[in-house]
Amino acid sequence: LAYQKFSLFSAFIVAIIIFYVSSLQFPAGTGKGFSFFSLAYHFGIFFLLGFFIFLGLKFDRKFVFLAFIICLLYASLDELHQYFVPGRSCNLPDFGIDSIGILAGFFF
């Protein structure tokens, strides 16, 4: 039970970090195109979110599905949030990388 509380707390901290980084503004024209750093960040941070949420919930099939839906919803809201931040954009490939990171975190 203690590790579940720690895992959910860690997931909460990761979610705050995701929101903070998504709120950062970039000058117009920067941040467009392929960037290995961006790919690694999206995969890694959502790997952590998926990993900690998976560990924080009971290992019941319905909870695993619920955890996955929660993570996907957060990833989609993160991309939508970026649409309203100057210099950022709502990006479907980033959502795909987020989703792969979540799945990897679950299976890890």
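Modeller: Helices are DSSP runs of H or I with at least four residues, numbered from the N terminus, and the expected span of a helix is 1.5 Å times one less than its number of residues. This is a predicted model, where local features need pLDDT of at least 70, side-chain atom pairs count only at pLDDT 80 or more, and totals for chains, interfaces and linings use all residues. Residues are numbered from 1 along each chain as its sequence is written, and side-chain values use heavy atoms, with hydrogens and water left out.

Colleague: What makes the reach of helix α2 close to the expected one?

Modeller: Helix α2 covers residues 36-56, which is 21 residues. From first C-alpha to last the helix reaches 30 Å, and 30 Å is expected.

Colleague: Why is H42 called buried?

Modeller: Buried means under 20% relative accessible area, with a 1.4 Å probe and protein chains only. H42 has 4% relative accessibility, so H42 counts as buried.

Colleague: How do α2 and α3 pack?

Modeller: Axes are lines fitted to C-alpha atoms, for helices over the stretch in contact, and angles run from 0 to 180 degrees between N-to-C directions. For α2 and α3 the angle is about 145° and the axes are 10 Å apart.

Colleague: Which residues of α2 meet α3?

Modeller: On the α2 side they are H42, F46, L49, G50, I53 and F54. Their partners in α3 include V64, E79 and Q82.

Conventions:
Helices (H or I, at least four residues) and strands (E, at least two) are DSSP runs, numbered from the N terminus. Buried means under 20% relative accessible area, exposed over 50%, partly exposed in between (1.4 Å probe, protein chains only). Contact means heavy atoms within 4.5 Å.
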